[in-house]
Amino acid sequence: MRLPSLSLVIGGASSGKSAFAERLVHATGLTKVYLATAQAFDDEMRSKIALHQARRAGQGWRVIEAPIEAAPALAAMGGEDIALVDCATLWLTNIMLAEMDWDEQATGLIGAMTGTAAPVIVVTNEVGQGIVPETQLGRRFLTAQGLLNQRLAAKADLVVQITAGLPQVLKGALPEGVPR
């Protein structure tokens, strides 16, 4: 099964988007590369990371820890690989907490996603359906994430929204044989 060069899987927290993206990767038969953007700053995040790792255990994933430097990792991939970037939301969080220019970094990341020989699936959180954050940093993040998601969706040939574990195609078409 062939996927487009860039696919976006978007949904709310704990909606099943990572599991769906992993099923897409498996269906291609390509060499699986997982670009992990999460950083474990507390026990809750360590537990969440452990659950994701356990779900992928023994399935032949090559993991690249890329909390900020995902673009160079993508640039190094070949056509026999498929990259799963999980996730753009945590990547953006890391960029903003490091006080880097998120817009400039996003331009570089999207360029790497569209310029690599490997198909790329990127997971991201839909943040525009919740409440407006109380803090200035939270509001800046909400705006930046919304803009990043729009840029990713504009470049992607396949955009799938996950709600309660169920995929709904927003742009493009799922290839034949994709497990739902």
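Reader: Leaving aside neighbours within four places in sequence, which residues is Ser15 in contact with?

Author: This is a predicted model. In it, Ser15 is in contact with Ile162, Thr163, Ala164 and Gly165.

Reader: Where does Ser15 sit in the secondary structure?

Author: In a loop. That loop runs between strand 1 (6–11) and helix 1 (17–28).

Reader: Is Ser15 buried or exposed?

Author: Buried means under 20% relative accessible area. Ser15 has 8%, so it counts as buried. Its side chain also reaches the backbone oxygen of Gly12 at 2.8 Å.

Reader: Now helix 4. How many of its residues are buried?

Author: Start with the general idea. An α-helix has 3.6 residues a turn, so residues three or four places apart point the same way. Now the case here. Helix 4 covers residues 88–97, and seven of its 10 residues are buried, so the rest of the structure largely encloses it. Among the buried ones are Trp91, Leu92 and Ile95.

Reader: What is the pattern along the whole sequence?

Author: The order is β-α-β-α-β-α-β-α-α-β-α-β-β. The radius of gyration is 15 Å, close to the 16 Å the globule rule gives for 180 residues, so the protein is as compact as a globular protein of that length.

Reader: What share of the residues is buried?

Author: Buried residues make up 44% of the 180. As for contacts with a separation of 6 or more, 77% join residues 24 or more positions apart.

Conventions: Residues are numbered from 1 along each chain as its sequence is written. This is a predicted model: local features need pLDDT of at least 70, side-chain atom pairs count only at pLDDT 80 or more; totals for chains, interfaces and linings use all residues. Side-chain values use heavy atoms; hydrogens and water are left out. Helices (H or I, at least four residues) and strands (E, at least two) are DSSP runs, numbered from the N terminus. Buried means under 20% relative accessible area, exposed over 50%, partly exposed in between (1.4 Å probe, protein chains only). A polar contact is a pair of N or O atoms within 3.5 Å; within protein, one must be able to donate a hydrogen and the other to accept it, and residues adjacent in sequence count only if both atoms are side-chain atoms. Contact means heavy atoms within 4.5 Å. The radius of gyration is taken over C-alpha atoms; the globule rule is 2.2 Å times the number of residues to the power 0.38.
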